[in-house]
Every structure is written in C-alpha cells, then in structure tokens.
Amino acid sequence: MQMKKVLAVSMLAATLGATAVNPVFAQTPVKQEAVQFSQTTFLVNANPAVLRTIQASGTTLVSVRDFAKAVGATLKPADASVTLTLEGKSVYVNPGAGIIAASSTSPALSSDVKTVNYTIFADPSALVEALGGTYEGDAVAPVIATVEQLAFVEHAVWAGGSRLIVSNSSENGREDYLVNAVNGKYELLLSSASTSDLVVSPNGQNVAYTDANGAVYVIDLNSKESKQVSTDSSIKNELQWSQDGTALFFLQGDKNSVIAKLNLADGAVSKVLEDKVDYKANLDVSADGKKFAFTVNKQPKVTADSNVDVALDDVAIDAAGTEAQVYFYNAAAADNKPVQLTKDTDDKVFIELSADGSKVYYVSVTADDASIGKAASVSTAGTDAASTSVFAQKDVYQLAQGADRLYLLTSNDDSSNAVYEVDALIGGNNLLAAISDSVSEIIVSRHGHLAALIDGQLAVSVNGQWKNITQ
C-alpha cells in the first residue's frame, strides 16, 4: 500500500460584522399564518446546511435567522425587520418593504418576505444577491456561495490558527494561496516556476522559500511583501525556522551532506554539522535550535562484470543496509558527533523531534508488509536506547506533531479511517474522529489546529465537526 501523506483543528471563530443604520420602514401589522415549516438542505459555501423553509405562492422562502447562521452573517433585529451584515455588505429584510441591499438605491430586490410564528422568511436568492454571493436553485440541494473558494487543493499547511497556505500545480509551475480557515476566502500569494515549498514561521506571520539559484526569500503574510534575505548560491533543502524566527536551518549541497544555518539579520550562512555523511533527509529542529533529528539513507552497492556492458542492465544491486536510520545531533554537546538512534531494517517516515529534543517520533514500516505502519519513539539519550511503541492498535498512515500532542491518521475497524491524538508527555491516546478513507493527509498546526485533505477538498475541524473551506 502506498503510504498516505499527511497533513489538522480547533478553530478561532471569526465574527464578521459591521454597524449599519436601518432605514425607516412603514410598519404594517403582521398577520400570523398557519404555514407548514419544512427542513431543506442547502449547500452553503461547500457545506450542507439544513434550514427551515416555507412555500409561498410557489416560491421557497428560507428562515432569515437560519440563513444568517449558515453563511456566517451577523443578524441585528429591529422591530419587525432584521439587518444581515457579511464582510461589509448589509441587507435589510422587512415584511412590509421586502429585501433591500444597503448599498443600493434601487427598489427592493424581492418582496417575498413573510413572518410566520414570529420567524421571518425571505427569498434566499435575493438575500444572497444583496450580500454579493451566488445562488443556484437546484431542486435537490440549492447551492449558496457567499465566498469564492478554491476548487481543488494539492497541498496545505497552517499559517497560525486562522489561515492556511494552499499550494497547487499550475501551467507555469506552482501557485500558493493564503486561505481563510473560517470561510475559505483566498488570495494569491506567490506564482513561481522553480521555487521550494513555502515554510511557515512559528508565529504564522512569515513564510520562507528558495529560488532555483539558492537565494532565500521571506514573505510577510500581512503585508504580502517579499524580501530577499540571502544571496548565497549553495543548494538549500528542507528549510526549517528557528523558534524565535531569527534564523533558518537547512540541508546544504546536492547530496544533503551539511546541516547549515542562515542568519536572517545579515544573510550569513554558517555550518552546523559537516560530518561527510551524504543523503540526510527529514530534518527537524528543537525549540532551542541546538538539537537536530534527521535520517540517513545509504546508497545501494551496484556491481557488474567488467566484460559486460552496463547498459544491458546485467548488474547486481545490493540494497542491504540501505534502510533509513534515525540520527540525533546536539550542537552543544562536547563530543560534537551525531548519534545513530536506530539500526533495524524497518523504513522510517514522518520524523518529528520533540520540542525539548528528548525524543524522536516516527512511523516504522516493516519491510515485509508495507501496509503496516506503527508509530514509535526513540530516546535521544544514547545509542543503546531501543525504540518504544507509541501506537500499535491500528495501521498508521501518517504522524504529525502539534504542541505537546501527536496526531495520527490511521485505519479504522471498518472501511473508514480515523484520527487519533496521543499525549506526548504522559502517553495515552484518544480517538478524535472517524473519517472517510478518502482522507489522504491531515494537516496539524503548531498549536494543534487540525485540517484534512479529502479527495482534493480541504476541510478544517471545528468543535469536532469537519467543515469544508474549498469546493
């Protein structure tokens, strides 16, 4: 089985609102009618929402209160009328005057407004139009869109707790977008042909990347301004921010032989570890910037008879001892040498170094059965420390770290998958959610916010419920 790649979310609720002055409506006594309420499912910004509706003269009217909650608008009642406000746009709804867009001097968008059992119902298409969205009156599930959302997602990372960076392939290379984690509203951040992935700073305010020449750039996510911070032309792979945001660590060279550091203040590059060992990967750095975890893959031995043309593929390949092994390096240690932490033949993926640098977490995949992955940890205290199982109840597809928690994408008892939370300090695990087996990745922020990629659609976890923020 192909290992599923990650990616994870307690949300910061965003209240969108603006102060509006209600116009003076002619107040007409409202006659309460005996009308049967219905429950209608709408697709609101890519999420199903069940709203109360009624039928009036062959038209479906929706509860204004339910509608406001579904689209995230603020609702301000005033006598028999209400005002809805969403991202600076307001609409007035009154049974006597109809639906009026606050920014319009035109007549009412619709007169289809009724009050039934003290609940105001109105034409949903007119409400959406007034708020600048689109409405498709599908007979099965009407579609309401008040925010333009991305149609597909290939990769995503958290940038703080209220937004994500989404990266998609394009005709010219790659496009990176800054996406609102509440409603999916997005803006293009970078369009590039040959740059590295964007790496988010610990405070979620900046991203760093390298171009094809090795130069390093930092983008301020608030101002969207990009600044070149280094002209050094060496190859830089797997950029990692220091916890205080003043430096970047990376693997240097075409064979990832060196761990290096870039000082953002002056652009100076210095070597942290140069041990002549090639093919380092999966670099991770502790919070103090002095401890490093990484893997090393040795290259297989290739031999051929000197009398045989190698182009004929008559060669022998010895892959023994080439399995990924986990290493730990403490730059402050007196001996100043990396320590090999593992020696078994299992593959090791999703390497995570604890914030204090005391443990390395990873998923161990057995050589005999690639469909079985187990979450494990190994102490960085010495070379004789054996790996300890962290989670072995189910197959583990991915491991990610957030704050003092580990998050695992696993198989489930049925045909679905699951997300587990593991306390990295005291042990023990907790099932967070049973999810579709279409989930290919969970995305976890430094503070434990959770998102997931499901068939190219990005969803965030809000109070234990998954909410789509892309189409």
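Predicted model: local features only at pLDDT ≥ 70, side-chain atom pairs only at ≥ 80, totals over all residues.
**Stop 1: helix α1.** Select residues 64-71, which form helix α1. Which of its residues are buried? They are Val64, Asp66, Phe67, Ala68 and Val71. An α-helix has 3.6 residues a turn, so residues three or four places apart point the same way. Now step just past the end of α1 to Gly72. Its phi is positive, at about 85°.

**Stop 2: a four-stranded sheet.** Show strands β16, β17, β18 and β19. They make an open sheet in the order β16-β17-β18-β19, and the pairing is antiparallel. Look at the edges: β16 (199-200) and β19 (226-230) each have a single partner strand, so one side of each lacks a neighbour in the sheet. Next, select β18, residues 216-220. Four bridges join β18 to β19, and the two run antiparallel. Pick Tyr217; its bridge partner in β19 is Gln228.

**Stop 3: aromatic pairs.** The model holds seven aromatic pairs. Start with Tyr177 and Tyr186. Their ring centres are 5.5 Å apart and their planes meet at 90°, so this pair is edge-to-face. Tyr177 has 13% relative accessibility and counts as buried. Tyr186, at 27%, counts as partly exposed.

Then select Phe249, Phe292 and Tyr329, a cluster linked by ring pairs.

**Stop 4: salt bridges.** How many salt bridges does the whole structure have? The search finds 15. Side chains of opposite charge can pair when their charged atoms come close.

- Select Arg174 and Asp176. Their closest N and O atoms are 2.9 Å apart, and both residues are buried.
- Select Lys280 and Asp275. Their closest N and O atoms are 2.7 Å apart. Lys280 counts as buried at 1% relative accessibility, while Asp275 counts as partly exposed at 24%.
- Select Glu421 and Arg405. This salt bridge spans 3.8 Å, N to O. It links distant parts of the chain, 16 residues apart: Glu421 sits in strand β36 (residues 417-423) and Arg405 in strand β35 (residues 405-411).

Stay on this last pair. Is Glu421 buried or exposed? At 19% relative accessibility, Glu421 counts as buried. Arg405, at 24%, counts as partly exposed. The cut-off for buried is under 20%. With Arg405 and Glu421, they are linked in a network of salt bridges.

How values were computed. Residues numbered from 1 in each chain as written. Heavy atoms only, no water. Pairing = 2+ DSSP bridges. Buried < 20%, exposed > 50% of the residue type's maximum accessible area, 1.4 Å probe, protein only. Phe/Tyr/Trp six-rings, centres within 6.5 Å; stacked < 30°, edge-to-face > 60°. Salt bridge = Lys/Arg side-chain N within 4 Å of Asp/Glu carboxyl O.
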